[in-house]
Every structure is written in structure tokens, then in C-alpha cells.
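Please examine the structure shown below before reading on. The briefing that follows is arranged by topic.

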Amino acid sequence: MKTIPRSTLLFFGVYLLITIVVQALISLQLLTVFWSKLLLFGAVMAIVSLGLNLIYGFNGQFSLGQWGFYAIGAYAAADVTFRWTQQGSASGLVILLLAVTLAGLAFWGVGWLLRRVPGLDPLSSFALYLAGVILAVMAAVAIGRPLIEPVTSALALLPSNLALQIVFFLAVLLSGVLAAEISYLFGLPVLTLGSDYFGIATLGFTIIVKVLLDNSDTILGFEEMKGARGMIGIPQATTWLWVTIFLLVILVATRNLLHSSHGRAIISVREDELAAKAMGIDVASQKILTFVIGSLYAGLAGALYAHINGFLHPNTFNFIKSFDPMIIVVFGGLGSVSGTVVVSFIWILVLEGFLRQWLPEGFENWRFVVYPLLLIIMMLLRPSGLMGGFELPYLRQILPPLRKNVKAESTAEAQGD
Amino acid sequence: MSHPEVSTSNSDNQGPVVLEIQNLNKNFGGLRAVKDFNKTIRKGELVGLIGPNGAGKTTVFNLITGLYTVSSGSILFNGKNLVGLQPFEITKLGIARTFQNIRLFPNLSVLDNVRIAYHTHAGYGFFDAVLHSQHYQAKEKELTERAQEFLGVFNLQDRQGEIARNLPYGEQRRLEIARALAAEPQLLLLDEPAAGMNPKEVANLMELIHFIRERFNLTILLIEHQMRVVMGVCEWITVMDFGEVIARGTPEEIQNNPVVIEAYLGRGAAVLSKQLSEKRSNAA
């Protein structure tokens, strides 16, 4: 049996302790609903920002699209749970599950085809992928229709709370995958652009998503989303326990990924694209991979967010807000996982909490004077981020010990400078 | 192209052809950066590519490694045509390079710089990485040990934790060569490895080039401006000017080739050099 390193034990111990303490405070009602919800927001923000840190901080692609994928995750999950609680139907769950699975298969199939026909330009391959996805969604609706009834009655056999938790959990996962799949489709043509142009294109994506959500009841045809009036009646299923589980899994997965050869390949693209290419790194697929993972996180976070207040409004997903995760990532330090998580909580608690509470009535809008000022001061004083590149021991890359015996092999020629 | 083509029939190396470039052309708009470039490199050779600034030497490197698309012509590596392949695919086939201005991964450790080159041989999948499975741990350990061994060969093992951009210049060059070799190439392209080095560093570099060639059984193509390095290291030299090959031969042949002297120093210098060598031979 291998011994577990101290840093790992410490990390999980402290994480568990914080989870339990906060849960106790919430259960004992020592924290008001307002503050406990802010903590949920903090964790959700941490997940979105971790995704963006992968894309921007580690892979070096300036993206403002994170907020769009967050919105997609939120509305997709909300629709699934809304249909379950308000309409007593598993239609959302069944169709989303089938659509996501079949679209995944379509991606795989088209990818297999494209490998056999090399040298196709990005837009043509994009068109093929799009056609595949449209077919997959049509197939999902056709196959899914007759399955809605039996699945609904099967789920109804379970205790209602358990059924809701299952539907909620699946809705969150599937919404994350949905966001990831859309990001793959969107990233294929767009990631071929240089970094700045990519940033503008992703900003466009966020605006498109927002406008579509404004018209979700008319253009998209989802009556229950109620367009610009805002969607109500979503079950408030997101609890502290759920967000901490998701945050922990994402933290560990991110850390493991970054400490692997794949993580190094992702980082090498940020460091020097040309050198990465010359070292045998497939730069284009590393960019897509990172973008998809980041968007997966955004989708999961959005889905969790939707079930905090039970209310969604397209204005939440305004592109101006898409700068929030960007600012958090820069504040926490580009390429710092611990910094991102800490600053996410600080950001939410200070901006939505303390400033709202401390500033006298009617001065809420002064928040938007205070925080830009904070940004400027911060950038002047600590350009490398609030934590200055600090990383918790568990998240830090440990250097393997030196192998002493190799010294004998080294040559006199290579010595000295 | 009327230039004295020096015979290479006295070559003692009759190994298999590693790289064969035929009628390679590269146009940037109206500018022909490389014109009908031909070159055959046999296994184990150490070939120099020289020429004045802007002659198209680095362009040839970028064409071989796929960073530029070829306008016309073919590049055969072990018989396989490289034209149209992505740079990473070409690296996987066994061609690695260094850059004129050092291009390390500046914010990563010395060890990680080398480990990145192993990515294509990492031998574990994405989910192994995310889950840190047993397979991942075994492979990662193996890969790290190999990278450390490599650093040891280049005498950089004590620097493994150092951030690459903090290394002194000579060590950065050495690290870049180490990184290129970690990709396990058969053909190594060195783009001005001695640029910006002091005489002592240059001497070390020349020994290093000889050493890696022996140890890794490499074929090397070298661009260099410092004649000391080119003349001291290369067996064969190709001289380029304005995108064209103007001379080929052994270092001695190139040194006395009037076409080369003219390209570097102008016609007057060529005449002067001719008179000088005539005077010398008269005296002798």
C-alpha cells in the first residue's frame, strides 16, 4: 500500500472541514439565507472561473465565451427540472440525454470520416459536424418521444425527493456535456483564429446566446423559458453539499490533468505555439480540448446556478457579466488554481455581499464605482494576481527528486559555461 | 544557375538517404524566397547550410518542418513526402529543430521543457491523466526518469527545477538542443546555434554537436553564421544566396570558392582574394 502524501491529506481534510462547518452553519440557521446563497454563488463562480483559467490562464486563448456556455448550461438544466417538477414529465431529461449521446456519436462518426479525408478546410468540416448534430437531434426527438411516458412513470415510483435529486443531478451533468458539445462545434472554425480575433468571436457567441434567450419563447420555441420576462418555477435543488461535491471533483480533475503530459501540452501552447508545434504537439487539438473542458465546467456551473434561486433572467447572461470570470482569473493569477477559487469567493462575497450590505440604501450602484477602482489599484499593485502565483501544496507540481547516478554519464564536453 | 558544382563523389558516406529535397520553391507573394533548392542528405552526415542574411536558409528549415507551406517541389524524409503534413506530424516522423532566437517554454521548469517533447510518446490517455490511474503513474515515472537522464547527459540535471527563462544564455541553447533531442529525432535541424555566444561557449557548443551526433546516431543539418563553427564541424557545406544554391562542397572547397566570397563580401573582395591566393602560390 502506498502512503498518501501529506499535502493530499491536508487538502482533503481542510476541504472536508470547511464543507462541514459551512453546512453546520447553514443547517443551524446561523447563516442567513442571503449569505448561504452567496456561498453557493461563490462555488459556482469558482467552477466557471476554473474553466476559464484553463482556457485563458493555461492554454493562453483569450475567451469571452465562458458566460455564453454558462447560460446554455443554466437554461438547459432549468428546462429539464422545470418539466419534471411543474409538468410532471421527464421529457426534458429523456430528450436531452438522447440528444447529447447521439450528438457525441455524431461527432465521433464525423471525426472518423474526416480522418479518412484529410486536408478539408475548417469551415467544410464544421458544416459536416453541424449536419451530423442536426441529424442527431432530430433522431433524438424521434426516438425519445415514445420513451417519455415509461421513463416518467418509472421515476414517479421513487420517493419524490429522491426522484428530484436524480433528475437534478442528471440535468446538471447533461447540461455540462451539452455546453461542451456546443463549444466543440463553435470552437472548430473559431479556434483557428489568432488569439485576439478568437476573443472577439467568443464575445459574439455570448451576445448571440443572450439574444436567443431573450427570445427563447418565440424563436427557440420553449414556452416555459418565457424569454425576456424571465423563467420562474425552477426547483431550488442546489445545496451546499452539491456545489462542494462538484467543486471538489472539478478541482481534483483539473489538478490531475495539469500535472500530466496532457496538461504540459496544453501549457506549452500558451508558452510558445511555434515551439510546441516543433515539439510534436498538435496545437489545434490541444486548443479544442481545453476549450471543451472549460466549457464543460461553465455548463455545469450554469446548471448549478439555475437551481440556486429558482429564477433565471437573460440579463444575468449579459455579455458585460462575461468579464466577471475574466477579472477573477486575472485577479487570482493566470494559471493559478488556488487563486481562482479564493478570488471567486472573495469576489462574490465582497461585491454581492459586503458592498450591498455596507453601502447605505440606494447606493447599490456605487458598487460599480468601487470595483472598477479596485481593479485599477489591483493591476497597479499586484499585476501577477492577488495570490501572486501561490498554489496550495496539493495543487502544486512537485519536482521529482534528482537522480544522482545520472551525473556520472554526463560528459566533460557538456560542462561549464 | 551557372555555378561551379563541386563533385561529391569522394564522399566516404554511402549510407541510406535520409532527406531528399527536390526542386523546392517558396514564394511569398512576388518574392521567391527559395528557388529550386535541391539537397540530399545521407544518414550520419553533418551538413552546413550557410549564406548571407536573407538568403533563405531559415525558410528552408521552416519548409522542412512544415511551419511554411511548400509552393512547389518535394521533401522526402526516409522516402516519405513531407509536403502537406502538419508540423507535429513531421516531428513525430523524426525531425526535430531548434530556433534562431531560442524558443523555450519560458515559464516552465527545465524538466518540463524536456518532458513536453515526450508528449507524443507519453503512452497514457486523457482519462488516465484525469484519474491519475496506476498506468499513468507508472508511465509518468518512466517518462520523468528518462527526461532526467537526458538532462544529465547535457549536464543540466541540477537545473531541473529552474524556470527556463532564468537560465544563462549558453544553458538555454543547450536546453533547447536537449529538448529537440528528447523528441527522438533521426534528423536534427540546428538554426544558428552559436548566435550570440562568446568564444568559450562556441567551443563548448562545437564539442556538444560532435558529442550528440555520436551518441544519438544523428544526421544534422546546421545553419550558422560563425565560420569557425561551420568550418570546424561540418563535413559538407551548401551555400545559399537570394534563395538559390550557389555552391556545395567540403569546408576547404567552400573557403576558396570565389562565388561564395563574392556573395559574402562583394565582387571586389573576390578579386582581391584571388590575387592574394595567386600571390601566395607564386611565393610558394
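**Overall form of chain A**

Chain A has a radius of gyration of 23 Å, which agrees with the value near 22 Å that a compact globule of 417 residues would have; the radius is taken over C-alpha atoms, and the globule rule is 2.2 Å times the number of residues to the power 0.38. This is a predicted model, in which local features need pLDDT of at least 70 and side-chain atom pairs count only at pLDDT 80 or more, while totals for chains, interfaces and linings use all residues. Residues are numbered from 1 along each chain as its sequence is written, and chains are lettered from A and ligands numbered from 1 in the order in which they are written.

**Architecture of chain A**

- Chain A contains 14 helices and two strands, which are DSSP runs numbered from the N terminus (helices: H or I, at least four residues; strands: E, at least two).
- Along the principal axes, the C-alpha atoms of chain A fill a box of roughly 80 × 60 × 50 Å.
- Of the 417 residues in chain A, 43% count as buried, a residue being buried if 20 or more other C-beta atoms lie within 10 Å of its own, with C-beta atoms placed from the backbone.

**The nonpolar core**

- The largest nonpolar core has 190 residues; such a core is a set of buried Ala, Val, Leu, Ile, Met, Phe, Trp, Tyr and Cys residues joined through C-beta atoms within 7 Å.
- Helix α2 (residues 33-58) of chain A gives the largest share of this core, 16 residues.
- Among the residues with the most contacts inside the core are A:A74 and B:A178.
- Beyond its neighbours within four places in sequence, A:A74 is in contact with residues including A:G302 and A:L312, contact meaning that the C-beta atoms, placed from the backbone, lie within 7 Å.

**The residue A:N59**

- A:N59 lies in the loop between α2 and α3 (66-87) of chain A.
- A:N59 is buried because 25 other C-beta atoms lie within 10 Å.
- Although A:N59 and A:L289 are 230 residues apart in sequence, their C-alpha atoms are 9.9 Å apart in space.

**Where chain B touches chain A**

- In the model, 53 residues of chain B are in contact with 35 residues of chain A.
- On the side of chain B that touches chain A, α5(B) supplies the largest share, nine residues.
- The residues of this side of chain B divide into 24 nonpolar, 16 polar and 13 charged; Ala, Val, Leu, Ile, Met, Phe, Trp, Tyr, Cys and Pro count as nonpolar, Asp, Glu, Lys and Arg as charged, and the others, Gly among them, as polar.

Technical notes:
A residue is buried if 20 or more other C-beta atoms lie within 10 Å of its own, exposed if 12 or fewer, and partly exposed in between; C-beta atoms are placed from the backbone. Two residues are in contact if their C-beta atoms, placed from the backbone, lie within 7 Å.
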